[in-house]
Amino acid sequence: MALNLSQKQEVVAELAEVAAKAHSLVAAEYAGITVGQMTAMRKKARETGVYLRVVKNTLAARAVAGTEYECVQDKLVGPLLYAFSTEEPGAAGRLIKEFAKGNDKLQPKVVAMGGQVYPASHVEVLASLPTLDQALAMLARVLSEPASMFARAVKAVADKQGGGEVAAEAPAEAEPA
């Protein structure tokens, strides 16, 4: 179904708004994917914070103009599915990688992040980025490690000097009085 001018402007405005806030973009060829597979992919995209859309490449090129994804304009060729990560940088990569395993007709073509265009093989790299929860857990571990090391060092010094034995004898001496 052909879109009229106002509908095209709405699509471009919506896509431009998403592109301005997105962390990463993965464009993939989707020709040959069934409706059921596409529905499952859209459902998973909503759950993981990925904006998934099929639009004409000319409209997508207009939408990304003026954003950090402007660098992909000359690579938008063929029937493409656009996946923008809106919450976590690696979410779009994980989504496309997961569905490409089960369907060889879904082929990543362009990966963009931080104003740089990467080849399709970088979907693996993007998918391996930690989720927000994983990144926070790593940060907590890094922040707690110096305190843990200090506590172990203090305990080792106390054990070496016999501090543990003196503490156990002190209450015994206080009782006979």
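Biologist: Which residue in E5 is the bridge partner of methionine 113?

Modeller: Keep in mind that this is a predicted model. Strands E4 and E5 (residues 116–118) run antiparallel and are joined by three bridges. In one of these pairings, the E5 partner of methionine 113 is glutamine 116.

Biologist: How many residues lie between E4 and E5 in their hairpin, and which glycine in the turn has a positive phi?

Modeller: The hairpin formed by E4 and E5 leaves two residues between the strands. In that turn, the residue with a positive phi, about 60°, is glycine 114.

Biologist: Which residue in E4 does serine 24 stand opposite?

Modeller: Let's move to the pairing of E1 with E4. These strands run antiparallel, with six bridges joining them. Along this pairing, alanine 27 is opposite valine 110 of E4. Serine 24, in turn, faces methionine 113.

Biologist: What is the bridge partner of alanine 27 in E3?

Modeller: Alanine 27 is part of strand E1. For alanine 27, the partner in E3 is tyrosine 82.

Biologist: Is alanine 27 buried or exposed?

Modeller: Setting aside residues up to four places away in sequence, alanine 27 touches Leu80, Leu81, Tyr82, Pro108, Lys109 and Val110. Its strand, E1, is mostly covered, with five of its six residues buried. Buried means a relative accessible area under 20%. Alanine 27 has a value of 0%, so this residue is buried.

Biologist: How far apart in space are alanine 27 and phenylalanine 84, C-alpha to C-alpha?

Modeller: Along the sequence, 57 residues separate alanine 27 from phenylalanine 84. In space, their C-alpha to C-alpha distance is 8.7 Å.

Biologist: And glutamate 29: what is its relative accessible area?

Modeller: Glutamate 29 also belongs to strand E1. Its contacts, leaving out residues up to four places away in sequence, are Pro79, Leu80, Lys105, Leu106, Gln107 and Lys109. Glutamate 29 counts as partly exposed because its relative accessible area is 28%.

Biologist: Which residue in E3 is the bridge partner of arginine 53?

Modeller: Here we turn to E2, which pairs with E3 in the antiparallel sense over five bridges. In E3, the partner of arginine 53 is tyrosine 82.

Biologist: Why is E3 described as largely enclosed by the rest of the structure?

Modeller: In a regular strand the side chains alternate between the two faces of the sheet. In E3, Leu80, Tyr82 and Phe84 point one way, while Leu81, Ala83 and Ser85 point the other, and all are buried. E3 is therefore largely enclosed by the rest of the structure, as the residues buried number six of six.

Biologist: What covers the buried residues of H4?

Modeller: Helix H4 spans residues 91–102 and reaches 17 Å from first C-alpha to last, close to the 16 Å expected. Its buried residues are Ala91, Ala92, Gly93, Leu95, Ile96 and Phe99. Their cover includes strand E1, helix H2, E2, strand E3, strand E4 and helix H5.

Biologist: Which residues is asparagine 103 in contact with, leaving aside its neighbours within four places in sequence?

Modeller: Asparagine 103 sits in the loop between H4 and E4. This residue counts as buried because its relative accessibility is 9%. Apart from those neighbours in sequence, its contacts are Ile33 and Gln37.

Biologist: Finally, what is the volume of the largest pocket?

Modeller: The lining of the largest pocket has 15 residues, with Leu3, Val54, Val55, Lys56 and Leu59 nearest the centre. Helix H1 (5–21), strand E2 (50–54) and helix H3 (57–64) each give two or more residues to this lining. By type, the lining residues are ten nonpolar, two polar and three charged. The volume of this pocket is about 220 Å³.

Definitions and conventions. Residues numbered from 1 in each chain as written. Predicted model: local features only at pLDDT ≥ 70, side-chain atom pairs only at ≥ 80, totals over all residues. Heavy atoms only, no water. 1 Å grid on protein atoms, 1.4 Å probe; cavity = no way out; pocket = protein on both sides within 12 Å on 5 of 7 lines; lining within 4 Å. Points joined across faces, edges and corners; volume = space filled by probe spheres on them. Helix = DSSP H or I, 4+ residues; strand = E, 2+ residues; numbered from the N terminus. Nonpolar A, V, L, I, M, F, W, Y, C, P; charged D, E, K, R; others polar. Expected span 1.5 Å × (residues − 1). Buried < 20%, exposed > 50% of the residue type's maximum accessible area, 1.4 Å probe, protein only. Contact = heavy atoms within 4.5 Å. Pairing = 2+ DSSP bridges.
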